[in-house]
Amino acid sequence: MALKSQLLEILALLKGLTLKRVCNVIRCWIGYWLSRLTKRSYVFGLPVALTFESASSCNLHCPDCPRGANSLTRSKGLMSMALFERLVDDVWAYTLHAQLFFQGEPTLNANLVSMVEALSAKRIFTVVSTNGQLVTADIAQGLVRTQLGKIIVSVDGTTQEVYSRYRVGGALDRALDAIQLVASAKKQQNASYPIIEMQMLVFSYNLHQIPDAKQLAKQYGANVVTFKTAQFTYPNQEKALIPLDTKYSRYYVSPHGDVLLKGNPSVSCSKPWFSSVIAYNGAVVPCCWDKDASVSLGGADAESFRSIWFGVEYNGFRQLLLNSKRQIPICADCPNGRTRFGFH
């Protein structure tokens, strides 16, 4: 099941390849490696992957999500269709992959289906991640009709009692219904996409439900189920939530009792050469780890994305990354490159 889904994703990405996009990937690699070798920032390509924050608000209150816990200082809102279309027009010829989620629930944006349609028309593989609470039959039909590449539905427990420990304010039945609605829409439209991924964050209290989750995924029509390691806001205070099977944790407990991230920090990061994140209001940030948009590299609401991508602020951040990655606050506890996040 997982292999078939991976093949479908690869096939969709291959269908999106053009000579311009292939050349852009090569230019990104050349810029990145030349930068690493010389310790001086060079950028020759535009992002291969983009994240558009369709919504920065959420309908649930997940305790270890900065939006759900209301710990973000930045404002909430929805990305306008006008801003979205302008951004897509600026970079679509070079971009292969797009996400329509960041720190919020994308189905809160009434333009979500239209956004998917705009990206699919440009043959950009698009992913939506949702808690599933607001997915209706119309939304499911629309996402299939507009050829969404993948939909990830969060199901963090197989009983309501366990599920709601993390998805506070959510209903397990609605999350499972979302999977079933999309699966039914695919069948009605004789479509292979979107790939439906049921995703479960693994904690100590739901580890025993992994076998049941696999059965539920199959029962409701998901193509694949992924078990993802959880991120904790205060790991040392939440030690009891770490699964006993450490395969499903990005943390370990040291001999002194401290909870630490697994693995060693990577000495480099390629993300600022290959991808970017655009908040709902146009603020451009370097990666998904900057959840509060603390490193704003420009405002795409007032200037073109290209001018920001090749601009002084962005290159200054890349240079800082090359010189001393560990001194950048958002990079200090980034788990990227340290450990696997998900298992099938």
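Author: Two strands are said to pair if DSSP finds at least two bridges between them. Please keep in mind that this is a predicted model. In it, strand E4 (residues 150-154) and strand E5 (residues 195-202) pair in the parallel sense over 5 bridges.

Reader: Which residue in E5 is the bridge partner of Val153?

Author: Val153 has Met198 as its bridge partner in E5.

Reader: And in which sense do E3 and E4 pair?

Author: Strand E3 (residues 125-130) pairs with E4 in the parallel sense, over 4 bridges. Within that pairing, Val127 has Lys150 of E4 as its bridge partner.

Reader: What do E3, H5 and E4 make together?

Author: They make a β-α-β unit, and it is right-handed.

Reader: How many of the residues of E4 are buried?

Author: 5 of the 5 are buried, so E4 is largely enclosed by the rest of the structure. Lys150, Ile152 and Ser154 point one way from the strand, while Ile151 and Val153 point the other way.

Reader: Let us turn to the helices. At what angle do H4 and H5 pack?

Author: Helix H4 (residues 112-121) and helix H5 (residues 137-145) pack at about 5°, and their axes are 9 Å apart. Angles under 35 degrees count as roughly parallel, which makes H4 roughly parallel to H5.

Reader: Which residues meet there?

Author: From H4, the residues are Leu112, Val113 and Val116; from H5, they are Ile139, Gly142, Leu143 and Arg145.

Reader: Which residues of H3 are buried?

Author: In helix H3 (residues 81-91), the buried residues are Met81, Leu83, Phe84, Leu87, Val88, Asp90 and Val91.

Reader: What do they pack against?

Author: The buried residues of H3 pack against H4, strand E1 (49-52), strand E9 (275-278) and helix H10 (305-309).

Reader: Is Gln103 buried or exposed?

Author: Gln103 is buried, because its relative accessible area is 7% and the cut-off for buried is under 20%.

Reader: With which residues is Gln103 in contact, leaving aside its neighbours within four places in sequence?

Author: With those neighbours left aside, Gln103 is in contact with Glu53, Ala55, Ser56 and Ser57, with Cys65, Pro66 and Arg67, and with Leu72, Arg74 and Lys291.

Conventions. Residues are numbered from 1 along each chain as its sequence is written. This is a predicted model: local features need pLDDT of at least 70, side-chain atom pairs count only at pLDDT 80 or more; totals for chains, interfaces and linings use all residues. Side-chain values use heavy atoms; hydrogens and water are left out. Axes are lines fitted to C-alpha atoms, for helices over the stretch in contact, and angles run from 0 to 180 degrees between N-to-C directions. Helices (H or I, at least four residues) and strands (E, at least two) are DSSP runs, numbered from the N terminus. Angles under 35 degrees count as roughly parallel, over 145 as roughly antiparallel, 65 to 115 as roughly perpendicular and the rest as oblique. Contact means heavy atoms within 4.5 Å. Buried means under 20% relative accessible area, exposed over 50%, partly exposed in between (1.4 Å probe, protein chains only). A crossover is right-handed if, with the strands pointing away from the viewer, the path from the first strand over the helix to the second runs clockwise.
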